[in-house]
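Welcome! Let us take a friendly look at the aromatic rings of this protein and at what surrounds them.

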Amino acid sequence: MLRLTDIVGNASDPDIADRLHHIEHDGGIERVRLSRNDLARRRQRLVTDRGTELALLLDRGAQLENGSVLLLEPGRAVLVMLDEPQWLVLRAAHAAGALEIGYFAGNMHWKVRFDAECLWIALEGPREGYLKRMTHLLARGDATVLDAPAQGGTRYLAVPHAH
């Protein structure tokens, strides 16, 4: 098991990015996918996408982020990649519905982002649980549930809901 105790830097740093570019050509980059919650953990056991077992033992002041470089050697690197959350996308039918949806999401302390007229809710549990909690809004037609495409593009696909 490989013991890692420091964060070397971030893949976005120009000097590190240049080194990583060369290592990538030689097939020497290994990635560890972490959730947002795991980014806060200083001590954890991990397995890279190539099967290397890691023991991460960071100091209190260390802050993992997307692109953190945990190992940078000639011909080998280990990168942290954020496992992007799944999103529930809602579009309000009218201004009053938008206010109520926003108020409701805030009261639930859900992590959200806004994109044009849509409210994106980061799913930190089963999608069905979120939908169940919003049944009253969906049943009244105050909002439509949309799904973002899995890869690229900006189209949304309507998902039927119970009336």
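Does tryptophan 87 count as buried, partly exposed or exposed, and why? Tryptophan 87 counts as partly exposed because its relative accessibility is 22%, and the cut-off for buried is under 20%. Please keep in mind that this is a predicted model.

## Aromatic pairs

A search of the whole structure turns up three aromatic pairs. One of them joins tryptophan 87 and tryptophan 120 in an edge-to-face arrangement, with 6.0 Å from centre to centre and 75° between the planes. This pair links distant parts of the chain: tryptophan 87 belongs to strand β8 (residues 86–92) and tryptophan 120 to strand β10 (residues 118–123), 33 residues apart. Tryptophan 120 has 7% relative accessibility, so it counts as buried.

## A cluster of rings

Tryptophan 110 and tyrosine 130 form a tilted aromatic pair, 4.9 Å centre to centre with 45° between the planes. Tryptophan 110 lies in the loop between α3 (95–107) and β9 (112–115), while tyrosine 130 is in helix α4 (residues 127–133), so the pair ties together parts that are 20 residues apart in sequence.

Tryptophan 110 and tyrosine 130 are both buried. Together with Phe104, Trp110 and Tyr130 are linked into a cluster by ring pairs.

## A charge over the rings

The charged end of arginine 113 sits over the ring of tryptophan 87, at 4.5 Å from the ring centre. The charged end of arginine 113 also sits over the ring of tryptophan 120, 4.2 Å from its centre.

Definitions and conventions:
Residues numbered from 1 in each chain as written. Predicted model: local features only at pLDDT ≥ 70, side-chain atom pairs only at ≥ 80, totals over all residues. Heavy atoms only, no water. Phe/Tyr/Trp six-rings, centres within 6.5 Å; stacked < 30°, edge-to-face > 60°. Helix = DSSP H or I, 4+ residues; strand = E, 2+ residues; numbered from the N terminus. Buried < 20%, exposed > 50% of the residue type's maximum accessible area, 1.4 Å probe, protein only. Lys NZ or Arg CZ within 6 Å of the ring centre and 35° of its normal.
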